[in-house]
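Subject: A structure for you to look at

Hello,

Here is the structure I promised to pass on to you. Please open it beside this message and follow along as you read.

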Amino acid sequence: MSAVNPVSAATPRGPLAEPSRFGVHTGEPVESADGRREPPAVALGLEPPRFCGQCARRMVVQVCPDGWSARCSRHGTVDSTEVGSR
C-alpha cells in the first residue's frame with residue numbers, strides 16, 4: 001500500500017511556501033511593497049520568481065518552453081507545475 005502525501009501538488013512548497021516574507025520578483029520585504037504594481041508579465045504568469053519568498057536569496061531559475069523551475073540554496077526547489085503556471 002502506498003503512503004498518501006499530505007501536501008497536494010497544487011500547494012507550493014519550499015521557496016514559495018506561505019507566508020512569503022519577501023517579494024519573489026523584487027526580493028524586497030512584503031511589508032515595504034507600498035502598493036507597487038508588478039510588471040504585466042508577472043500578472044500574466046509569464047515571469048518566474050527570481051527571489052526566495054522565505055529568505056530573499058537570488059534563486060537559480062531554469063526557463064523551459066513548457067515552464068520553469070527555481071532553486072533556493074536554503075529552501076529547495078519549486079516548479080511551475082506546483083503553482084499551476086504550466
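A residue is called buried when its relative accessible area is under 20%, exposed when it is over 50%, and partly exposed in between (1.4 Å probe, protein chains only). This is a predicted model, in which local features need pLDDT of at least 70 and side-chain atom pairs count only at pLDDT 80 or more, while totals for chains, interfaces and linings use all residues. Residues are numbered from 1 along each chain as its sequence is written, and side-chain values use heavy atoms, with hydrogens and water left out.

**The overall picture**

The protein has one helix and three strands, and along the sequence they follow the pattern α-β-β-β. Both kinds of element are DSSP runs numbered from the N terminus: helices are H or I with at least four residues, and strands are E with at least two. Of the 86 residues, 26% count as buried. The accessible surface comes to about 6,000 Å², and 55% of that belongs to carbon and sulfur atoms. Such areas come from the Shrake-Rupley method with a 1.4 Å probe, and for residues only the protein chains shown count as cover. Now for contacts, meaning heavy atoms within 4.5 Å: among those between residues at least 6 apart in sequence, 41% join residues at least 24 apart.

**The sheet**

In what order do the three strands form the sheet? The order is β1-β2-β3, in an open sheet with antiparallel pairing. β1 (60-64) and β3 stand at the edges with a single partner strand each, so one side of each has no neighbour in the sheet. From one strand to the next, the twist averages 15 degrees. The angles behind such values run from 0 to 180 degrees between N-to-C directions, and the axes are lines fitted to C-alpha atoms, for helices over the stretch in contact.

Two strands are said to pair if DSSP finds at least two bridges between them. As background, strands of a sheet pair through backbone hydrogen bonds, either parallel or antiparallel.

Start with β1 and β2, which pair in the antiparallel sense over five bridges. A hairpin joins β1 to β2 through two residues. To see how they line up, find V61 opposite A70 in β2, then Q62 opposite S69, and then V63 opposite W68.

Next come β2 (residues 67-72) and β3 (residues 76-79), an antiparallel pair with four bridges. They also form a hairpin, with three residues between them. Here C72 stands opposite G76 in β3.

D79 is in strand β3. Is D79 buried or exposed? With a relative accessible area of 18%, D79 is buried. Its side chain makes a polar contact with the side chain of T81 (2.9 Å). A polar contact is a pair of N or O atoms within 3.5 Å; within protein, one must be able to donate a hydrogen and the other to accept it, and residues adjacent in sequence count only if both atoms are side-chain atoms.

How many salt bridges does a search of the whole structure find? The search finds one, where the side chains of R50 and E47 meet at 3.0 Å, N to O. The term stands for a side-chain nitrogen of Lys or Arg within 4 Å of a carboxyl oxygen of Asp or Glu. R50 is partly exposed at 26% relative accessible area, and E47 is partly exposed at 30%.

Finally, look at A56, in the loop between α1 (40-43) and β1. A56 has a positive phi of about 65 degrees although it is not a glycine. With a relative accessible area of 22%, A56 counts as partly exposed.

Enjoy exploring!

Best wishes
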